[in-house]
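Here are some notes to read with the structure open beside you. Take the points in order and find each residue as you go.

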Amino acid sequence: MAAPPTAAPYGSCRFCGVATPPDATACPICGIEAPIAAPTTAAAPSVRRRVRWTHALRVLLVVGVAAGLAYTIVDAEITGPPVVADPLTTAGVHSIPIGSIFTLAGNITGGDYVVGNFTTIDPSGLSLGVVVYNSSEWGKFANGSAATPAWSLPAADEGRIIFSAPYTDFYHFVFENPYPASSGFVVTAYITTEYESNVGDDGFG
């Protein structure tokens, strides 16, 4: 009984080093033409070295990519998602010209609240009004029409802000200089606000 024919040995791609079929005219992976035939690889030490170096570089590349992905995943798990500052969590000194306003605005989820306080510091003892408008009423206010506030404080030289949003909306906190132009008063105030989530909370206490 005759022995079965021996399959021709595979060659190697001269660029990426992968095994190529005996009759291939180009590498099936990278497309480089004229792969190195198996007899040539076996007979030439320089070719064998080049193929080994190519294989080693491919392994290093795969290991490097895997290590980079692992580092990225582990770092993301450790550091967590990026923290974005909420526009309704602020602290600062603001000067409000005569007949003008200073506003803080942002989305509030229904049931969540914003707390804070204000104090007029220059000139000390002057008053400042605080009004909160939802998105639709803010549009009226900005156009000079009569608007109904969602919450307000009477003008005073200091005050405590505790606003609980009745529903989810985009709210504007308006700090208003109530003095007429003839007074010449520019009210400078220190204002702090903080967005508080009501999830898992029993209230303000």
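1. Start with His 172. In this predicted model, His 172 sits in strand E9, which covers residues 169-176. Is His 172 buried or exposed? Its relative accessible area is 10%. The cut-off for buried is under 20%, so His 172 counts as buried.

2. Look next at what surrounds His 172. Leaving out residues up to four places away in sequence, His 172 touches Leu 104, Ala 105, Val 131, Val 132, Tyr 133 and Trp 138. With Trp 138 there is also a polar contact, side chain to side chain, at 3.4 Å.

3. Now move to strand E6, residues 128-133. How many of its six residues are buried? The count is six of six. Check both faces. On one side, Leu 128, Val 130 and Val 132 are buried.

4. Which strands pair with E6? One is E7, residues 151-156. E6 and E7 run antiparallel and share four bridges. Leu 128 has Ala 156 of E7 as its bridge partner. Another is E9, the strand that holds His 172. E6 and E9 are also antiparallel, joined by five bridges. Here Val 130 stands opposite Phe 175 of E9.

5. Turn to the aromatic rings. There are seven aromatic pairs in total. One of them joins Trp 138 and Phe 141: the ring centres are 5.6 Å apart and the planes meet at 35 degrees, so this pair is tilted. Both residues belong to helix H3, residues 135-142. They are three residues apart, about one turn of the helix. Phe 141 is partly exposed, at 24% relative accessible area.

6. A second ring pair to find is Tyr 167 with Tyr 171. The centres lie 6.3 Å apart and the planes are at 40 degrees, so this pair is tilted as well. Tyr 167 is partly exposed, with a relative accessible area of 41%. Tyr 171 is buried, at 0%.

7. Finally, trace the ring cluster. Which residues does it hold? Ring pairs link Phe 163, Tyr 167, Tyr 171 and Phe 173.

Note on methods:
Residues numbered from 1 in each chain as written. Predicted model: local features only at pLDDT ≥ 70, side-chain atom pairs only at ≥ 80, totals over all residues. Heavy atoms only, no water. Helix = DSSP H or I, 4+ residues; strand = E, 2+ residues; numbered from the N terminus. Buried < 20%, exposed > 50% of the residue type's maximum accessible area, 1.4 Å probe, protein only. Polar contact = N/O pair within 3.5 Å; in protein donor to acceptor, adjacent residues only side chain to side chain. Contact = heavy atoms within 4.5 Å. Pairing = 2+ DSSP bridges. Phe/Tyr/Trp six-rings, centres within 6.5 Å; stacked < 30°, edge-to-face > 60°.
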